[in-house]
Amino acid sequence: MQVIKKYKWTWILLGIALIMAVYLMWNTAFASKEKLPEIREIQSFSMENVDGRTVSLADTKGKVRLFYFYFTSCPDVCPITTFTLSQMQDLLKEDGTFGDKASFVSISFDPKVDTREKIKTFADRFHADYSGWYFLRGDMDKTKQFAKESFQILIEGENKDDFAHMNMIGLVDENNQLRKVYNAFNTEDVQPEVIAEDIRRLIKE
């Protein structure tokens with residue numbers, strides 16, 4: 001009894017710490033199971049794929065998709081983010097998800113410079129698997145409008161010397177609903193394992 005009385009506050013603090021630990025573990029597990037909100041339905045589009053085919057929103061429907069806007073002459077963030085996407089591609093290929101239930105859509109907003117040949121050279125640097133990764137190009141103004149109205153991603157400028165754009169990745173579900181937008185400047189927000197898990201969660205809904 002003397003020992004218990006002597007260390008009473010130690011035991012109380014340990015008990016509180018244990019309760020908090022259990023609560024945090026439960027809360028984290030519960031939160032991870034919450035569904036991602038439906039933000040808005042993305043607009044339709046029709047653009048040229050790297051293989052010359054025309055690809056529309058309807059052609060990509062039925063799969064969970066990641067959308068990314070870039071230009072091949074980008075000196076910094078676009079190659080880095082595309083590399084991160086390639087890592088996600090490899091993770092999803094491990095369980096057969098990529099191409100079958102999930103796909104990526106990378107859209108150039110510099111069609112004057114980004115020919116199909118130049119885009120393919122860019123994509124090949126990151127070992128893109130074209131069975132599940134679209135590399136599209138289309139009218140610059142329509143692309144900017146699509147990025148802004150569907151994803152709230154702003155793209156300014158008319159050429160590689162004055163482009164300014166938000167470096168974001170949009171997560172879209174099978175029914176064309178935008179579910180999450182990742183800030184690619186935040187390395188914690190765009191960890192390949194985290195986004196791959198978000199994709200798997202949407203597939204299971």
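**View 1. Arg-201 and Asp-198 join their side chains in a salt bridge, at 3.3 Å from N to O.** A salt bridge here is a side-chain nitrogen of Lys or Arg within 4 Å of a carboxyl oxygen of Asp or Glu. Arg-201 and Asp-198 lie 3 residues apart in helix H7, so about one helical turn separates them. Helices (H or I, at least four residues) and strands (E, at least two) are DSSP runs, numbered from the N terminus. Please keep in mind that this is a predicted model: local features need pLDDT of at least 70, side-chain atom pairs count only at pLDDT 80 or more, and totals for chains, interfaces and linings use all residues. Residues are numbered from 1 along each chain as its sequence is written, and side-chain values use heavy atoms, with hydrogens and water left out.

**View 2. Asp-198 also forms a salt bridge with Lys-180, with the closest N and O atoms 3.5 Å apart.** This pair links distant parts of the chain, 18 residues apart: Asp-198 belongs to helix H7 (residues 192-204) and Lys-180 to strand S10 (residues 177-183). Asp-198 is buried, at a relative accessible area of 5%, while Lys-180 is partly exposed at 25%. Buried means under 20% relative accessible area, exposed over 50%, and partly exposed in between (1.4 Å probe, protein chains only).

**View 3. Glu-197 pairs with Arg-200 in a salt bridge whose closest N and O atoms are 3.9 Å apart.** The two residues sit 3 apart in helix H7, and about one helical turn separates them. Glu-197 is partly exposed, with 38% relative accessibility.
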